[in-house]
Amino acid sequence: MIKAVMVMNTQGKSRLAKFYEYLSVEKQQELIRGVFSVLCSRAENVSNFIDAESIFGLDSRLVYKHFATLYFVFVFDSSENELAVLDLIQVFVETLDKCFQNVCELDIVFNYSKIHTILDEMVFGGQVVETSSSEIMKAVEEISKLEAASNAISLIPKSASGWRSR
Amino acid sequence: MGSQGGFYQSKEFLDLVKSIGEARSKAEEDRIVLNEIETLKRRISEPDIPKRKMKEYIIRLVYIEMLGHDASFGYIHAVKMTHDDSLLVKRTGYLAVTLFLNEDHDLIILIVNTIQKDLKSDNYLVVCAALNAVCKLINEETIPAVLPQVMELLAHPKEAVRKKAIMALHRFYQKSPSSVSHLVSNFRKRLCDNDPGVMGATLCPLFELIARDVNSYKDLVISFVSILKQVAERRLSKAYDYHQMPAPFIQIKLLKILALLGSGDKQASENMYTVVGDIFRKCDSSSNIGNAVLYECICCVSSIYPNPKLLESAADVISRFLKSDSHNLKYMGIDALGRLIKISPEIAEQHQLAVIDCLEDPDDTLKRKTFELLYKMTKSTNVEVIVDRMIDYMISINDNHYKTEIASRCVELAEQFAPSNQWFIQTMNRVFEHAGDLVNIKVAHNLMRLIAEGFGEDDDNADTKLRSSAVESYLRILGEPKLPSVFLQVICWVLGEYGTADGMFSASDITGKLCDVAEAYSNDETVKAYATTALMKIYAFEIAARRKVDMLPECQSLMEELLASHSTDLQQRAYELQAVIGLDAHAVACIMPSDASCEDIEVDRDLSFLNDYIQEAIEKGAQPYIPESERSGMLNISNFRNQDHHEASSHGLRFEAYELPKPAVQSRIPQTLIASTEIVPVPEPMYPRESYQTTMPSIPSDAGSAELKLRLEGVQKKWGRSTYTPATSTSNSTSQKTVNGTSQGDGASTVSSMRETYDSRKPQVEVSHEKQKLAASLFGGSSKTEKRPATGHKAAKASSHVVEKSHVPKSSLEVASEKAAPAQQPPDLLDLGEPTATSTALQLDPFKQLEGLLDATEVASAVNGAPAASRSPDIMALYADTAAGIHNKNDADLLSGLSNPSVTNMPGTTAMPQVTQSSSKGPNPKDSLEKDALVRQMGVNPSSQNPNLFKDLLG
C-alpha cells in the first residue's frame, strides 16, 4: 500500500502531505524533513528511488520525481512496484497539469483542497484506485461542478448559527 | 491563477501563503504562522461566520498543520463542518477531519453518526467523502457501526463508489481481520464486477489476503490467469490503456498475485507459463510502464516453479535493464538479478561488468542495491573483495541505520566465508572501529572466541601467530581516540588473555595500556570491568611464571579508585585482583591458567565419580540416598548446587538447616575439607555422594545419549551465528582435536558438510578469465577454493602448547609428563594431556580447602596415566558429556538439564571427589583426559549474551 504522498518544493517547504496511516504532526514534520534532506543531496541523473527504511521503517520504498521547483514523493511498501509508482506520479502530475493548464507550484499552494480531491480520486485509503488521468479529471470536474452548484444554492449567506444549532 | 475560481480563497489566504513563501528563515515563518493562528483562533469562534469564510478558515488550519503547527483548536469546527448540508462545506469538513484526526481521537464519536447518515446519501459524492473518512477514522470498535452501510455500497450503481467501498472493506480487514472475516468472500465476488476498474481495485485486497493465506485462493489461479490473458490481449476498452499499454497497473497487480500463488506450486505455475511468456513477448520495453510490467514478470518468474524458457526471457530482460542508461532500469535490473540468481546462479556472470559499474555509480540507491546483490552472491572465493568494498562503503556513509545493516552483513559474510583467521580479525577490527557501537554484542563475543580457539587448523603455530597479530593490532589501535565500547571490550579481553603470551610485550606494557583504557573511558563501566579482569590475568600469568610483579603506580591508583567504586561489579573485580596478587604462584596458576579460555567447563553434576565411594560406604552400613521426590516431609536440599551461584538458581535461598550429616558419610573427604573452609564454606559434600548411589544403574545409557546428542551438534558450522552454546564449542573442539575413534567420524562429517556447501556454490565459480580483475575477484576464481582449510584435527597443537606453556611451570612433574608424552603418543593426545595438570590444580584452588590434598604424586600419576591407555573411544563420551564425566566412566546424566553456567560454580563439589578417586583408584587412563575437559572451566566461555567475566575467576 501507499504510505504517504508528499509534495515539497526544492527549499524543503511542504506543499502537500498526506499520510495514509495516522502520524502525529511532529512525526510528520520529522519525516518530511528527513525526506527532504535525502532528496536535496541527490544528484541529477540518478535513479528516482531511495532506500527509505531508515526514515519510514522496514519495508518502505520511496520514489520521487523532480518537476521544476517541486518534488513529488510517494512512499509505499513492497506490494507496489517502483517503476509503476513512478508512472503513478506521472499520472498525478499529468492530471494536475490538465486541471490547471501548465501547473506550477503556486497552483498547488492556492488550490490546496483541490489537490487533495485529485489525490483522493487516485489513491484511496492507501490503495491505488484509479490510474487514468482522464478518469480522474472527469471525477474531479464533476465534483467541482456539483460543489459549485451546491455552493450557489447556499451562497445566500445563511447564518452560521443556523448549522451550528443543528 | 485563473484556475482558482470555484475554490473561493480570500486575499488574506493568498497573502498568508505568499508571506510564508517569502519568509527568509524558519523563525520568520514561525512568527507568521503564529500570528495566523492567533487570528484564526479569534475569528473561528466568532458567531455567525458565513460558510464560505468558515471553509476557508478550515483550509487555512489544514495548511498551518501541514507546516507543522498545532491547529487542534480548530478540530471541532472541522467536525461541525461535516454535518453541513452543503456539499462543498461537507467535503471540506471531511477533508479536514481525515487530515486532522486519527481513529482514536476523542472527536470521532461526533462524526460516526454523520458518516452513517452520509453513507446512505443519494449524492454519490457525499458517499465518497464519507467513505474516505471511513478509511481513515473508523477503528475496530466503530467498524460495526458503519459495516452494514459499506456492505450495501458494494452494490452501488456508481463504479467509483463500489471501488471505494471495496477499499473501505479492505481497510477494515487490515485494522481488524476478525470483525470482517465473514465478508472476505465479497472480494472474490467483486472480482467479477462488470467494471474493470472495480475488478482492478479488488486486486489490492485480494493480494493482501493471498499473501496471508495462499492455500485458500489456489482455486482462483485459473481466473487470474484468464483475466491477465484478456488484459494482455487488449480485451479491455481503450480507456484503460496507459502509454499504449493495456491496463498496466492491473497487469502488475495480477502478476504479483500470480507470483504468490505459484510459489512452490508446480501445478499452479504451469497454468501461468503461457500468459507470462506472452507478456514477455508483447511488452513494450521502451516505456517506463512497460518495463514496470516486465520487471514484475521477472519477479513472478523467479517466484513460481521455474521454467527454463521463462528464465531465459527473464535473463534477457535483465540484461536489457542493466545495459540501459537509465538508473531506474539499472536499479530494477540489479534487483531482478538478485531475485533470479537464487534460481539460476550462473546468470550473474554475464552481467559482472554491469554490476561493477553499478557498484561504482555515484547513485547511492543503486550502490546499495548492488551491495544487496553482492551480499546475496557472496561465496568463499569472492568474500574478501566484497566485504572489503562493503566496509569501505560503510565508512563513507553517515546513515546509522544503513551502517548498522551493512556492518552486520559484513560480519555475517566474514563469519561464513572467511578465508583465513588473519583476514577475519582484520575485517572485524575495521568493522568494529568504524561501526563498533552499532554491531551486535554477540559479534564481539564471537571474535573473542575465534581468537581463543583459533580456526581449528592443524597448525597451532598459526593460532599463536594469530593471537600475537591480534594483540599487536590492538595495541596499535588503542592509540586511536574514541573507540567504540564493544571493541574496547574485545581489546581488553584479548590483551588480558594473550597480551604477554608470546613474550613480545612485557606485562608492564600491557598493564599500562589497560590502565590507560580504563582511565580514558572512565564512564564506561563495562570497559573498565573488562580492563580490570584483563589486568588480573596479566598479573596472574606473571605470578604463575614466578616473575616479580610490580604494580604500576597508575594501576595502583586505578585499583584504589575501583575498590571504592559505586559499581559493586567493579569493586568485586578490584578485590579479586588484590586477592589474586596476594597468592602464591601455584595457586594463581590454578585460578588463572593461561590460554584456557576456550576450554569447556565440564562438571559432573551427577558426581558419578563418587559411586565407588558410596558403594563402599553402603557396604559399611550407610543409608542409601533417597531421591528428593520420594522424601516427603524431609528437608528439601535440592538447591545446594546453586547455593553459591545465584544467577543460575531458579530457587530462592534456603534458610532451613540442612539435614544432619550421617556419620557413615563423614569419612575422610569432609575432614580434609574442613581444614580450609574459611573462604567458601562447603557444607554439602555429603549430598553429592548420596545422590550417586541411586543413579548408578542408569549410567551407561545416559552417558550414551548425551554423547549422541552432542555429536549431532558437532557438525555445526564453525563460524555460524548460533555457535555460542557451550555444547557447540565442545563438539567443535572434539572434531578439531581428535584424530581417532568416534571423533574422527565427527570431524569427517564436518569436513564433508563443508565440502557440500562449496559444491553447491561451485556453479557460480566457473568464470571466464578474460574479464576484468575486479569482476574476476567478485564473480570468479574457483582456484581459491582450496584456500579454505578443511577442518580436521589439531594434531600439531599439542607440541606448541608444550613449548608455549613450559615457561609457566606448575610443577616439575607435570612438565615432565608433558614432555615425556610425545614420544609415546600421537601428538593430538598430548594436547589433551597437557592441560591436565592445570585442571587438577585449578579445580581445587578456588576452594582452597583442597590445596593441601593435591599432592604432586597424584597429579603426576594421573597425567602419566593418560598416554598409557588407548582412550580414543572414550573421547566422545567425555567431551560430549558436559554435565558428567569429570572422573568417572559411570557418568550419569541425570542433571544435565541444568544450565552450564550453574555448573561452573561447583568446583568445590567436583574437586573433592576427584582427589578421592585419584588416591583410591590410582592411575586411571581416563583421568587426564577428563581433567583436560575440566580445564575448560577456565576463562570466558560465553554461553549467554553477556558473558560474566567472573567465570574466569570462579571457574
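Visitor: What kind of residues make up 51% of the 955 residues in chain B?
Guide: Buried residues do. A residue gets that label if 20 or more other C-beta atoms, placed from the backbone, lie within 10 Å of its own; 12 or fewer makes it exposed, and anything in between is partly exposed. By the way, this is a predicted model: local features need pLDDT of at least 70 and side-chain atom pairs count only at pLDDT 80 or more, while totals for chains, interfaces and linings use all residues. Residues are numbered from 1 along each chain as its sequence is written, with chains lettered from A and ligands numbered from 1 in the order in which they are written.

Visitor: And how much of chain A is buried?
Guide: In chain A, 49% of the 166 residues count as buried.

Visitor: What makes helix α18 of chain B "mostly covered"?
Guide: Count its residues: 12 of the 14 in α18(B) are buried. Among them are B:Leu329, B:Tyr331, B:Asp335 and B:Arg339.

Visitor: Why are β1 and β2 of chain A called a pair?
Guide: Pairing takes at least two DSSP bridges between two strands. β1(A) (residues 2-9) and β2(A) (residues 14-19) are joined by 5 bridges, so they qualify, and they run antiparallel. A:Met8 stands opposite A:Ser14. The two strands form a hairpin with 4 residues between them, and A:Gly12 in the turn has a positive phi of about 90°.

Visitor: How many residues does each chain bring to the contact between A and B?
Guide: Chain A brings 58 and chain B brings 71; in contact means that C-beta atoms, placed from the backbone, lie within 7 Å. On the side of chain A that touches chain B, helix α6 (residues 133-153) gives the most, with 8 residues.

Notes. Contact = placed C-beta atoms within 7 Å.
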